[in-house]
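Dear colleague,

I am handing over a structure for you to look at, and below it I set out what was found. Please keep the model open while you read, so that each residue can be looked up as it is named.

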Amino acid sequence: MIRVEHLSKKYGECTVLKDITVQINKGEVISIIGPSGTGKSTFLRCLNLLERPSGGAIYIDGADLLDKKTDVPGIRQRMNMVFQSFNLFSHLSVRENLTIGPIKLKGMNREEAEHKALEILKLVGLAEKALNFPDELSGGQKQRVAIARCLAMEPEIILFDEPTSALDPTMVSEVLSVIRRLAREGMTMAIVTHEMAFARDVSNRVFYMDEGYIYEEGTPEQIFDNPQREKTRIFINRVRSFNYRITSPDYDLYAMNGEIEAFCEKQILPRITRHNLLLLVEELLQLHSQIPSVFPLDLTISHSEKHGNLELTLENAGEEINPLDPDLAPDDLGLNIINHLAEKIDYRRVDGRNSVIASLRKD
């Protein structure tokens, strides 16, 4: 139903969207995820011309949206949008918010519009609020009314721009339940959301956006369980990283440990985890110090908020020597400590660089 080709959007010198080419089929539910400021909402706003694209093409059911001859208001009636800030008419009752569009834009008579409004309010669980005003509703109820108002126009496509971001956490589930019901009934939807569990549950496909373009797309299983690209993996697992370069064997161990401690505190890691991590780093560095010309040595510590995993990588561009080789170790004690602390440890050589990758054992 929606075909986008080489879409771009600029604000002066700032490029927000870069060469987006995608297709959304009838009945599909597409979740659009990614860091804040990467163009997700701008992409939705371009789809119904709330923002005019700087380049590219948008086709809705074969109609060129950017053609001057295209009936844009007519297409907007078929492709409605639900915003994060509700945008209800505060001086109108809930029922009047639902009937004003069908009466004024579609020529529906008032009696029919009011009957239909009540049926839709039943669908979203708010029939008893028909005569209330928006200020008398909770945030979750307001958003459900906004969805109901959208449905009153009988759209074929609904665009949701972070529909739960302005809500108290206790109200999120009631809005998501309504969207899930629409998905089961076959409504074509594109949803910008930060609710990862919801996106996984409701979507046919997921678009991961980063730096103004669709960086990766796939089924929920692929994106959430087996992302193919690094930025997607970092975002999905909410990975936070610490990087430190050791330039000589005379490095300042205490200064480095202080920075690692500060990183661990930001991640709210338990004291025993911090202790074991520092000990693992020290023992691995001791092994590396036996290798000539190992410096500079790059240390990376990655923490996955989603899974609670800690991964440590030591990498250098020297000759191919495995620091984990027992023949290089000054004694067995260091290797025994490392094997006790690490759940998994591996040596790799890729593109002329040596890497030792260790996962800290969970207590």
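In what follows, Ala, Val, Leu, Ile, Met, Phe, Trp, Tyr, Cys and Pro count as nonpolar, Asp, Glu, Lys and Arg count as charged, and the others, Gly among them, count as polar. This is a predicted model, in which local features need pLDDT of at least 70 and side-chain atom pairs count only at pLDDT 80 or more, while totals for chains, interfaces and linings use all residues. Residues are numbered from 1 along each chain as its sequence is written, and side-chain values use heavy atoms, with hydrogens and water left out.

The largest pocket

A pocket here is an open set of points, on a 1 Å grid over the protein atoms alone, where a 1.4 Å probe fits, with protein on both sides within 12 Å along at least five of seven lines, and its lining residues have an atom within 4 Å of a point. The largest pocket holds about 590 Å³ of space, a volume being the space filled by probe spheres set on the points, which are joined across faces, edges and corners. It is lined by 24 residues, of which N80, M81, L105, R149 and M153 are the closest to its centre. By class, this lining has 15 nonpolar, six polar and three charged residues.

Helices (H or I, at least four residues) and strands (E, at least two) are DSSP runs, numbered from the N terminus. At least two lining residues come from each of α2 (72-78), β6 (79-82), α3 (94-106) and α5 (139-152), and α3 gives the most, with seven.

Two packed helices are described by the angle between their axes and the distance between the axes. Axes are lines fitted to C-alpha atoms, for helices over the stretch in contact, and angles run from 0 to 180 degrees between N-to-C directions. Angles under 35 degrees count as roughly parallel, over 145 as roughly antiparallel, 65 to 115 as roughly perpendicular and the rest as oblique.

The axes of α3 and α4 (residues 110-123) come within 9 Å and cross at roughly 125°, which makes α3 oblique to α4. Where do the two helices meet? In contact, meaning heavy atoms within 4.5 Å, are V94, R95, L98, T99 and I103 of α3 with R110, A113, E114, A117, I120 and L121 of α4. Seven of the residues in this contact of α3 with α4 are nonpolar, one is polar and three are charged.

With α5, the axis of α3 comes within 8 Å at a crossing of roughly 25°, so α3 is roughly parallel to α5. Here V94, N97, L98 and P102 in α3 meet V145, A148, R149 and A152 in α5, and the residues of this contact divide into six nonpolar, one polar and one charged.

Further along the chain

The helices α11 (271-288) and α12 (residues 332-341) pack at an angle of about 140°, with their axes 10 Å apart, and are therefore oblique to each other. In this pair, N276, L279, L280, E283, L284 and L287 of α11 meet G334, L335, I337, I338 and L341 of α12.

Two backbone details remain. A cis peptide bond, with omega about 0°, joins F295 and P296, and P296 lies in the loop between α11 and β12 (297-304). H6, in strand β1 (residues 2-11), has a positive phi of about 50° although it is not a glycine.

With best wishes
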